[in-house]
Amino acid sequence: MDFTYDDEQDALREAVRGMVGKVYSDYENRRRTVAADPGFSEELWKQLGEMGILGLPFAESDGGSGAGPIEVGIVAQELGRVLAPEPFLASIVLAGGLVAAVGTPEQRAEVLGPLSAGETVLALAHYEPGPGRAAQACEVTASQAGEEWTLSGTKEPVLHGARADHLVVSALLPDGGTGLFLVAGDASGLTRTGYATPDGGRAARVDLAQTPAVPLGTPGQDVASSIATVLDLARIIAGNEALGALETAVRTTTGYLTSRKQFGVTLNTFQALTFRAADMYVSLELTASLVHWATMVLAEGDAADTAVAASRVGLQLSRAGRHIGKEAIQLHGGIGMTAEYSIGAYTAHLQALEQLLGDATQHLAVLGAGVGSYGAVEPV
Amino acid sequence: MDFTYDDEQDALREAVRGMVGKVYSDYENRRRTVAADPGFSEELWKQLGEMGILGLPFAESDGGSGAGPIEVGIVAQELGRVLAPEPFLASIVLAGGLVAAVGTPEQRAEVLGPLSAGETVLALAHYEPGPGRAAQACEVTASQAGEEWTLSGTKEPVLHGARADHLVVSALLPDGGTGLFLVAGDASGLTRTGYATPDGGRAARVDLAQTPAVPLGTPGQDVASSIATVLDLARIIAGNEALGALETAVRTTTGYLTSRKQFGVTLNTFQALTFRAADMYVSLELTASLVHWATMVLAEGDAADTAVAASRVGLQLSRAGRHIGKEAIQLHGGIGMTAEYSIGAYTAHLQALEQLLGDATQHLAVLGAGVGSYGAVEPV
Amino acid sequence: MRLQLSEEDRAFREELRQFFTTKIPEEIRTTVIEGRELTRDQIVESMRILNAEGLAVPHWPVEWGGRDWTELQRHLWHEELQAAGVPVPLAFNASMIGPVIAHFASQEMKERFLPATANLDIWWSQGFSEPDAGSDLASLRTSAVRDGDHYVVNGQKTWTTLGQYGDWIFTLVRTDPEAKKQAGISMLLIDMTSPGLEVRPIQLIDGGHEVNEVWFTDVRVPVENLVGEPNTGWTMAKFLLGNERVGVAPVGATKRNLARAKELAGAQLENPLVAARFAELENELLALELTALRVVANSADGEPHPASSVLKLKGTELQQAVSELIMDLAGPAALSSGADASSALPEWTHLATPTYLNLRKASIYGGSNEIQRQIIAKTILGL
Amino acid sequence: MRLQLSEEDRAFREELRQFFTTKIPEEIRTTVIEGRELTRDQIVESMRILNAEGLAVPHWPVEWGGRDWTELQRHLWHEELQAAGVPVPLAFNASMIGPVIAHFASQEMKERFLPATANLDIWWSQGFSEPDAGSDLASLRTSAVRDGDHYVVNGQKTWTTLGQYGDWIFTLVRTDPEAKKQAGISMLLIDMTSPGLEVRPIQLIDGGHEVNEVWFTDVRVPVENLVGEPNTGWTMAKFLLGNERVGVAPVGATKRNLARAKELAGAQLENPLVAARFAELENELLALELTALRVVANSADGEPHPASSVLKLKGTELQQAVSELIMDLAGPAALSSGADASSALPEWTHLATPTYLNLRKASIYGGSNEIQRQIIAKTILGL
């Protein structure tokens, strides 16, 4: 059992930090970037690709660099630290992750190569307008005519769905079950309406009307379990991203407390505020432990263990994200409400990650249903 | 809508406060009283009876003084304020309340007259060793032979069951349903083993072995709904008792903060502590509002409204009792852990009231099951 | 003690409910109920309808349009307004500067301003906070220097809510730089079309523009626009902030939102964890409403009850908690904040996260909850 | 990063688990697991068995019985002890005075005390807190005045846990009344059978007698019982309190109790609200355990990691929360605290409320959670 990164991992962290920090360590740059479509820096995306960052999760044979969840987590932490709006989670982890999990070797090479190089953006169109975050699709349906497949129905919200060059779309199969399909951005019958998410990200409504689509992997196969597994993986990587954001939120808040004056003294003179900052730190440390642990569980590769770890991270992230997100704004006071200042965007982004991957109620229900089946929770 | 007491009610409060204050305003007296059986002052019990306090809930025709829940609530508040250990809730409200609700006119006069006069102590033997706080009895069974009834089985915990002159016992009827019975303290086959409760009160295990018993009211009638109604009534009166205790707990804590010195200054110099005291006050005020409201609902007399109000008080009491009970000890520090000092006994008593009448989980389940059936909660 | 309202109060409430739900345009009320942003015109229209019926400023002195109601009746008025989705009369006019003018100003100033204020012919803005004077309001630096029959005002105010709509602004300015903090402050009324006055929008974290900075550069203000005596502004500020706290717990609106959340929840209400969350919030909200009723019953005329800090503290917490619940009910659809009517997701899900983020302000503005705790600790508990 | 234990550590843990569950009498372990009070003899017996195997004081220097384990191994030892219900070696001996003597005392004093301390031949008590020196420990007033080759000690200590069993007491005493607060304090070892020393029990709110007052009236103590140099006691106290915080989060015991609570819950686990409470606590406890593992991995030798305050704070909160859950599972049966074996209610329900009340101390003793927050704010966050 070892919670430390090795030298290579430290170097990766430094490299990513340097690269995204150059662009976003001045918060005004981040604000400007998310104000205009596509909501991120195409240039930085390319650079991340060239540097091999985007290909980290993918096998070398697929055009990636074949690293593991630990490395992917490090990247996510660094992106979260400066709220880099590049679609790493949406495009690489979620959409790319499903192509890697389900696609044929040819599809993997074809899609993941350019994706890893930062030449394309991929989006996962899975959630549907109905409530919930199930792994099944039901409102978008797939039809087959000979070798040709078409999809019809509506997906929303689809993260970065308007910008994406290709969409990975889940759909109800003719014989039941959920299949995954590749849809080109210029496919016929495809309509995409993009908009901003609360944290400055991008999402879209995606309408498909007999839109031509290519089955990912074996045509007609139910891949709901792969979708569930990749959603779990994404929860854990999102946990890493959130961890980076939480660290910055706590540091920004303590920085403000030591610099902002009221009643002639800096705010850290007020014990009630410093105690609350201490509680934020406690939340942060506990979250860090759970995120690192879950990332290691993910690296071990057992899907059932990963599912539980993902729910655990989801629950902790919800608790800590709200605690720290709310307190960070409150301890800033009025300035914390302004878009010009960074702290509110951290709160909004923590919220957005949770909205994507599940809130406390959802994860508590999952974990609660299982408590009777074992004695104590053991980390290993 | 009026939240104020009238002159007569104020006078009642003053009278009770004077009488119990004389005995228990010095906490050492309370400590000494609960250290020895029967755990309360027989003399004060008699005086409360002579003063007409114990007969307040009962009709004049039954030997009481025919006041209402508002007056009974005032008494409970004053007892709670000094943690008077006299069995007002157990003997008058619960056991007496059931005799008043179910007994024949003769039984009411026979039992409630001496009870109101402080000449006897009554106990309700309803809870059984199995978990929960249902209104039904199932482990103690009633058998009939001609006009004679006997009871067999075990009741525990029975508040003040060892000292009581008579027991009001719930039992499973031969044809199903729950009946109530009067059992004399010296009845054959009756064994009682008394002990102290965590707050210095008294409870007992009561074993019945073919013990002769007199049916309360119509023999053989299922009175589970009356038991439920009196439990609800007791929840609301217990809310009043808790309110008195909460007020003292908050006042004692703020008093300590302004007098105890650490690091050369009084504790109220530390903002983190004063803010927590402010939150205690908020809990107290909200609880006071809900308790007064529920007492008025009880006074209106509708059983269904009262049941909901009782659950609302139960939930609030659990939240506020734990919040204030824990914080009161914590803000006292080490001294708060000692039996010599009063504050811990307040925490223990708030807990005991909740254990008797239901915790947050129980009341949340009840209230939660109903939320779909109406829009907003209206106080009137 | 009596639970029921008197016959008279019941009739009073019924009459208000009738008026509010029939005379205020439904479109306005739906906008409020569904949590969308009101236009300036909608706010003005609604307040004028109320004012015509004598329902805009009932707590003012009778001669200026007030009503001789009991505290309970004022409370019922406020609750019914909110329950019906009627926009509460603009606080800057009705609750802030109006009562200050009525209480402190000259007869001439009253005549000049009060009728227009009650009818929203003048839209008032508030110029109190400054970048370095937030919770520590008395450290404000905007100066007003006497020059003949004018004051020359220089400085910067901030957090001016809806300042983009403002006709006039009531400000706290420093008229005596020598006096100690509170003692040198005056209350000055300034026409917002004055040369040298500039309103700059501040974008908030929900993407909206409801607050502003107001910059004063050599703005000349006639001396007769000073309220009361020079250097007595702090007394008026305290009076005003006290009024601001009363009725600051938006119980009625929170109750309306919580009931609406049940409709939005649909099948999610069958989840015991969701149901328990509703039950918990309903209980706290009921306790808060009852506390508000207890407080109004015991308020001396005009003086804010110390427990009003309890209402502010808990009221804003619950307001926030209900917005959080609604956001959670929306699930992933809460990501759709930037979507328009072309979205396949219902409009309430677009609004859910911005509303949650926007309401973070509730525990900061108008005396932060830290200030409220301080007031409770000091004033009520003697700590 | 690696999740799994190494082969070596796995074998190490297995060996300990084997030893603990077979060599420590089951009656002792059951007493711990069921939350009953241990007798003095049971504590002594258990520690001597451990000491014979070299498992009582592994964190001491090797020459005095310590083991050259990694921090992770020490952590595993501590967790396995608790998981098996083995009484943790008496903290006053193993974690407090032992390390102080080993670190600060003369060779002669080490030889005199350390073996007896490790074997619990001497039962140590702690004499730090005083009625007016709690969180502000440095304001202590118990004095030790030099008189020939003795110190004469006068004063009063309090909160002396299990002082009724004590053979010796290590005290902080004021040896230089002129020096400023911390500077005039020394660490003095006192035979509790000395004339003038009196132990008086303090009853706690759970009805138990685990703490005491210790009164000193002209107690004569040989000067050779002073640890290290005069007036350097504060350094030792800080060293000791730092050690006290490490491993102060009783993760293993809390985990064991939470798992046991499921057995006690029975059908109540089917209530989704109860199940959610378990799930929530398990998650927090897992996060705490992992944090402890991260901290031990990063601890420099002997120096407490600043994050140990996080462990203390959260660890005591969870310890309390689990006791609260168990109390709630007991329902009305939790009223039976005074019952004996003749009760029809299971024994765990008798213990539930007293345990809950007793554990209120966890966030007060050993540096209150307010002190921990202060440490975090100051030391870690620089506030």
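**Close-up views of chain contacts and domain contacts**

**View 1. Domain 1 and domain 2 of chain A.** The centres of domain 1 of chain A and domain 2 of chain A, taken over C-alpha atoms, are separated by 22 Å. The model shown here and in the views that follow is predicted. Chain A is assigned three stretches: domain 1 (7-120), domain 2 (124-222) and domain 3 (225-371). In the contact shown, 23 residues of domain 1 of chain A meet 15 residues of domain 2 of chain A. Together these two domains bury about 1,500 Å², and carbon and sulfur atoms carry 64% of that area. On the side of domain 1 of chain A, the three residues A:Leu98, A:Val102 and A:Gln107 provide 26% of the area buried against domain 2 of chain A, more than any other three residues.

View 2. A:Asp37 and A:Arg202 form a salt bridge in which the closest N and O atoms are 2.7 Å apart. On the side of domain 1 of chain A that touches domain 2 of chain A, two or more residues each come from helix 2 (27-35), helix 5 (88-102) and helix 6 (105-116) of chain A. Helix 5 of chain A contributes the most to this side, with 6 residues. By class, this side of domain 1 of chain A holds 14 nonpolar, 5 polar and 4 charged residues.

**View 3. Chain C as a whole.** Chain C contains 12 helices and 7 strands. Its radius of gyration is 21 Å, close to the 21 Å that the globule rule gives for 383 residues, so chain C is as compact as a globular protein of that length. The C-alpha trace of chain C spans about 70 × 50 × 45 Å along its principal axes. The domain assignment divides chain C into domain 1 (7-89), domain 2 (124-233) and domain 3 (246-380).

**View 4. Domain 1 and domain 3 of chain C.** The centres of domain 1 of chain C and domain 3 of chain C, taken over C-alpha atoms, lie 20 Å apart. The contact involves 13 residues of domain 1 of chain C and 15 residues of domain 3 of chain C. About 1,200 Å² is buried between these domains, with 50% of it on carbon and sulfur atoms. C:Glu71, C:His75 and C:Gln82 account for 40% of the area that domain 1 of chain C buries against domain 3 of chain C, more than any other three residues. There is 1 salt bridge between the two domains. C:Arg36 and C:Glu347 form a salt bridge, with 3.3 Å between the closest N and O atoms. Helix 2 (26-33) and helix 4 (71-83) of chain C are the elements that supply two or more residues to the side of domain 1 of chain C touching domain 3 of chain C. Of these, helix 4 of chain C gives the most, with 7 residues. The residues on this side comprise 4 nonpolar, 5 polar and 4 charged.

**View 5. The interface of chain B and chain C.** Chain B brings 45 residues to the contact and chain C brings 39 residues. The area buried between chain B and chain C is about 4,100 Å², and 69% of it comes from carbon and sulfur atoms. There are 5 salt bridges between the two chains. B:Asp279 and C:Arg373 are joined through their side chains by a salt bridge of 2.8 Å, N to O. At least two residues each of the side of chain B that touches chain C come from helix 7 (224-259), helix 8 (271-300), helix 9 (303-332) and helix 11 (360-370) of chain B. Helix 8 of chain B supplies the largest share of this side, 18 residues. This side of chain B consists of 25 nonpolar, 13 polar and 7 charged residues.

Key: Residues numbered from 1 in each chain as written. Chains lettered and ligands numbered in written order. Predicted model: local features only at pLDDT ≥ 70, side-chain atom pairs only at ≥ 80, totals over all residues. Heavy atoms only, no water. Contact = heavy atoms within 4.5 Å. Buried area = accessible area lost by both parts, 1.4 Å probe. Salt bridge = Lys/Arg side-chain N within 4 Å of Asp/Glu carboxyl O. Helix = DSSP H or I, 4+ residues; strand = E, 2+ residues; numbered from the N terminus. Nonpolar A, V, L, I, M, F, W, Y, C, P; charged D, E, K, R; others polar. Domains from an automatic or database assignment. Rg over C-alpha atoms; globule rule 2.2 N^0.38 Å.
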